[in-house]
Amino acid sequence: MLNNDSKIYIAGHRGMVGSAVKRKLEREGYENLIYRTSSELDLRNQQAVKDFFEKERPDVVVDGAARVGGIMANKEYPWQFLYENLEIQNNIIAASHEQDVGKLIFLGSSCIYPKHVDQPMSEDSLLTGPLEPTNQWYAIAKIAGVKMVDALRRQYDRDYVSLMPTNLYGPNDNFDLETSHVLPAMIRKFHEAKQNGHSPVPLWGTGSPMREFLHVDDVADAVFFTLNNEMQYDLYNVGTGKDITIKDLALLIQDIVGHEGDINWDTSKPDGTPRKLMDVTRMTQAGWTYNIELKDGIKATYEWFLKNLDRIKEVEIKS
Ligand SMILES: NC(=O)c1ccc[n+]([C@@H]2O[C@H](COP(=O)([O-])OP(=O)(O)OC[C@H]3O[C@@H](n4cnc5c(N)ncnc54)[C@H](OP(=O)(O)O)[C@@H]3O)[C@@H](O)[C@H]2O)c1
């Protein structure tokens, strides 16, 4: 349980999720936060992580550090996605246990669940079928992390919890069209088309698949809730429990951005899985639900995008 001067280590504090957790904890008045960039502390380095934990002795750990990426990156770097994620989480989780960290949150994603699974996907569907092959490397590492947390709870009664968020969006998202997820990519495409005299926006597929989206500040809120409550289970889905067609998402973003041109759906391109939705019953029963409606969240994210356009371009040039 958190108290005012709990020493909280946020791993991955510059990332989309880690930075949202940091903002939330700062807003709630927590001042004893510690964090390191990857160049200050490479979490793949076991000895360096052990030394850091021994010296700093955090009370609480939020693990938002991971090697993340889209389908292309997973395809090109299967070894890195599997091995580096195992290294990062093994080092953090084991050092937390060794140094008697009271509470730990391990963040993963919905890709841990089988490719063909009843919708909405419940926590009980873990390991009931084959994974989506494209990101199996990442998913297997994350499943191992979930099982480490589970093992520590069972054997040592640790108050450690895994949270699996659905598709996220919000500040510090990736807006690079080569590697970004659908929602930030649409924000950018509609914005640039608007700048370009409301030129048509090409989008892939029919627009019929359904997806769920959660603002990253809501994940930070779920992390905060989990830090402040003793949780019954080892694993919780974090989402809205509501989905939207890609077509309706496009119309919503088009309206928010103020693009007045056409949308050209390229139906020769694949649609992907028809539906992916989290079953959020466990988290709801624990007492947590999301706050930010999609429309409000997209408006706020578009404002952030406009304010940070220079930075977004800079990041792309560097990467
Ligand atoms: N984004 C989503 O839509 C989404 C959805 C569901 C779940 N999640 C989960 O949330 C977690 C965080 O994702 P994110 O989107 O916030 O990722 P992100 O923006 O790419 O941030 C990842 C962070 O991990 C740190 N990191 C990576 N390798 C490291 C290393 N070797 N040593 C130290 N730090 C390292 C990076 O630190 P530096 O900046 O210092 O290099 C970075 O801040 C992941 O577990 C992911 O599965 C994300």
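Strands S1 (residues 8-11) and S3 (residues 60-63) run parallel in this predicted model, and 4 bridges hold the pair together. Within that pairing, Ala 11 sits opposite Asp 63 of S3. Zooming out, S1 and S3 belong to an open sheet of 6 strands, with parallel pairing and the order S2-S1-S3-S4-S5-S10. At the two edges are S2 (33-34) and S10 (235-238), each of which pairs on one side only. Helix H4, covering residues 78-98, packs on this sheet. The helix touches S1 and S3, and also S4 (103-107) and S5 (159-165). As for its orientation, the direction of H4 makes about 170 degrees with that of S4.

Now for the ligand. The shell around the ligand holds 25 residues, and the ones that come nearest are Met 16, Val 17, Ser 38, Tyr 138 and Lys 142. By residue class, the shell splits into 12 nonpolar, 9 polar and 4 charged. In Tyr 138, a polar side-chain atom lies 2.3 Å from a ligand oxygen. Met 16 works through its backbone instead, with an N or O atom 2.9 Å from an oxygen atom of the ligand. Leu 168 also brings in a backbone N or O atom, here at 3.2 Å from a ligand oxygen. On its own, the ligand has 900 Å² of accessible area, and the protein covers 83% of it. In terms of secondary structure, the elements that supply two or more residues to the shell are helix H1 (16-27) and helix H5 (136-156).

There is also an open sheet of 3 strands, ordered S11-S8-S13, and here the pairing is mixed. S11 (244-245) and S13 (275-276) take the edge positions; each has a single partner strand, so one side of each is left without a neighbour in the sheet. S8 (residues 210-211) and S13 run parallel and are joined by 2 bridges. Met 210 stands opposite Arg 275 of S13 in this arrangement.

Going from Gln 119 to Pro 120, the peptide bond is cis, and omega comes out near -10 degrees.

Conventions
Residues are numbered from 1 along each chain as its sequence is written. This is a predicted model: local features need pLDDT of at least 70, side-chain atom pairs count only at pLDDT 80 or more; totals for chains, interfaces and linings use all residues. Side-chain values use heavy atoms; hydrogens and water are left out. Two strands pair if DSSP finds at least two bridges between them. Contact means heavy atoms within 4.5 Å. Axes are lines fitted to C-alpha atoms, for helices over the stretch in contact, and angles run from 0 to 180 degrees between N-to-C directions. A residue is near a molecule or strand if one of its heavy atoms lies within 4 Å of it. A polar contact is a pair of N or O atoms within 3.5 Å; within protein, one must be able to donate a hydrogen and the other to accept it, and residues adjacent in sequence count only if both atoms are side-chain atoms. Accessible areas come from the Shrake-Rupley method with a 1.4 Å probe; for residues, only the protein chains shown count as cover. Ala, Val, Leu, Ile, Met, Phe, Trp, Tyr, Cys and Pro count as nonpolar, Asp, Glu, Lys and Arg as charged, and the others, Gly among them, as polar.
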